[in-house]
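Subject: Handover of a structure and the findings from it

Dear colleague,

Please find below the structure that I am handing over to you. The findings follow directly after it.

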Amino acid sequence: SLGLRKLVEKATYQGTLQSVNLSKKASRIFPKKGKNSQVERPEDVKKSDLFDLKLSEEQEMIQQTIQQFASQFMRKNAEKLNVDCKINDEIVQEFQALGLPYYSVPESLGGVLTNKATVTQMIIAEELAYGDLGMAVALLAPTSALNAITQFGTAEQQEQYTPAFLDEAKPLSAVIAVNEPSALFDPFQLSTRAVKKGSNYSINGIKASVPLVNSSELFLVAADVEGQGPAIFIVESSQAGVSVESQNAMGLRPAALGNITLKNVEVSEEAMLGGNSFDYATFISYVRLGWCSLAIGTAKAILSEVIPYANDRVAFGEPISNRQSVAFMIANIRIELDTMQILTQRAAALAEQGKPFQREAYLAAVACQERAMEIGNDGVQLFGGIGFMRDFPAE
């Protein structure tokens with residue numbers, strides 16, 4: 001209905017042929033494949049010393065499609081789903097109909113991806129967050145896990161799990177679990193431990209603020225391996241020792257956040273994402289870019305609300321936008337928003353070209369963390385007392 005379907009009709013057909021169609025989460029089977037010496041990775045795009053802020057024709061079409069989806073299904077339902085603390089099935093089904101997971105999977109595995117599409121994926125995250133941050137996190141969580149397996153997984157892991165992500169009848173729900181319940185959390189200083197026992201690993205620890213914690217079938221868990229450092233393990237939610245607990249988190253309630261407790265969870269060494277060649281620092285840099293894009297989309301939404309309100313709200317005989325204190329605050333929102341966007345696009349462009357981008361991703365993350373909080377606070381303040389009222393999207 002939003003005009004994107006034709007691009008993925010062929011991929012949809014191929015994905016359906018490969019898919020695993022089972023009705024219950026507990027009965028989902030991830031069949032192990034034979035040894036495959038060829039790992040499928042999307043190729044880097046053409047290298048350049050510049051990054052182009054102008055979107056391609058395809059990127060513009062995708063952006064417009066997601067904007068329509070965000071306006072039609074997300075923004076108008078944001079308040080209700082914030083109260084419900086979950087995203088409804090209708091929105092999920094409409095999002096799945098867009099076929100976006102195919103843009104994360106190489107053609108050889110049933111998708112449509114030939115070259116890396118990091119910039120396009122950041123555009124999608126940004127436009128979804130413009131609709132609603134909590135729903136964007138919920139909708140993008142499985143695709144983020146798919147990106148991790150596509151980008152870092154071994155050939156066996158790709159063949160084992162990718163078909164389930166492309167299953168149209170019941171796509172695999174999987175999430176990344178890195179955060180932990182500690183102040184000033186550092187993803188490179190993990191409390192969750194994985195201890196090697198023979199050919200297996202025993203994982204113990206707690207993961208916090210994990211989206212879709214009650215409905216996910218697969219968790220990509222970050223854990224520290226003694227003598228090796230941080231790694232990611234693919235853990236099925238039905239495994240012994242895995243328990244989940246819901247959280248009522250402010251601002252992200254539609255994402256249905258929660259904690260995962262892992263107590264002596266036994267996984268095979270094949271469950272380590274990417275094996276010994278896994279690059280954890282690059283993985284975290286991609287995660288940072290995703291959150292940067294979500295912050296940018298949310299900031300854009302704030303700006304779109306405060307400008308018409310400031311122009312329409314009359315106080316002391318004139319619109320409040322005539323006051324310099326108000327006008328300067330709105331101008332600063334736009335300035336900081338552009339800063340966030342350029343830093344994030346620079347890092348995404350480098351990642352897409354296969355160049356080092358960890359420094360740029362970190363700088364973008366620092367800027368977005370600081371400026372997004374400031375923009376959110378200013379957005380509420382510009383509405384005055386009604387900024388705290390649920391009648392207005394600023395709240």
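Gly229 lies in strand S5, which covers residues 229-236; helices (H or I, at least four residues) and strands (E, at least two) are DSSP runs, numbered from the N terminus. The model is a predicted one, in which local features need pLDDT of at least 70 and side-chain atom pairs count only at pLDDT 80 or more, while totals for chains, interfaces and linings use all residues. Residues are numbered from 1 along each chain as its sequence is written, and side-chain values use heavy atoms, with hydrogens and water left out.

Gly229 counts as buried, because its relative accessibility is 15%; buried means under 20% relative accessible area, exposed over 50%, and partly exposed in between, with a 1.4 Å probe and protein chains only. Not counting residues up to four places away in sequence, Gly229 touches Ala223 and Asp224, where contact means heavy atoms within 4.5 Å. Gly229 and Arg193 are 36 residues apart in sequence, and their C-alpha atoms are 9.7 Å apart in space.

Asn200 lies in strand S3, residues 200-210. With a relative accessible area of 28%, Asn200 is partly exposed. Leaving aside neighbours within four places in sequence, its contacts are Val195, Glu266, Val267, Ser268 and Glu269. Asn200 and Ala271 are 71 residues apart in sequence, yet 9.0 Å apart in space from C-alpha to C-alpha.

The buried residues of H7 are Ala155, Gln157, Gln158, Gln160, Tyr161, Thr162, Pro163, Ala164 and Phe165.

Helix H10 (residues 358-382) has 25 residues and reaches 35 Å from its first C-alpha to its last, which is close to the 36 Å expected at 1.5 Å a residue; the expected span is 1.5 Å times one less than the number of residues. The buried residues of H10 include Glu360, Cys368, Ile375, Asp378 and Leu382. Against which helices do the buried residues of H10 pack? They pack against helix H8 (280-312) and helix H9 (324-352). Just after H10, Gly384 takes a positive phi of about 70 degrees.

Salt bridges

A search of the whole structure finds 15 salt bridges, a salt bridge being a side-chain nitrogen of Lys or Arg within 4 Å of a carboxyl oxygen of Asp or Glu. Arg371 takes part in a salt bridge with Glu336, the closest N and O atoms being 3.3 Å apart. This pair links distant parts of the chain, with Glu336 in helix H9 and Arg371 in helix H10, 35 residues apart. Glu336 counts as buried at 18% relative accessibility, whereas Arg371 counts as partly exposed at 29%.

Arg371 also forms a salt bridge with Glu374, again with the closest N and O atoms 3.3 Å apart. Because Glu374 and Arg371 are 3 residues apart in helix H10, about one helical turn separates them. An α-helix has 3.6 residues a turn, so residues three or four places apart point the same way. Glu374 is partly exposed, at 33% relative accessibility.

Glu318 forms a salt bridge with Arg323, with 3.4 Å between the closest N and O atoms. Glu318 is partly exposed at 26% relative accessibility, and Arg323 is partly exposed at 37%.

The elements that give two or more residues to the lining are helix H4 (89-97) and helix H6 (133-152). H6 gives the most, with 5 residues. By type, the lining divides into 19 nonpolar, 7 polar and 8 charged residues; Ala, Val, Leu, Ile, Met, Phe, Trp, Tyr, Cys and Pro count as nonpolar, Asp, Glu, Lys and Arg as charged, and the others, Gly among them, as polar.

Yours sincerely
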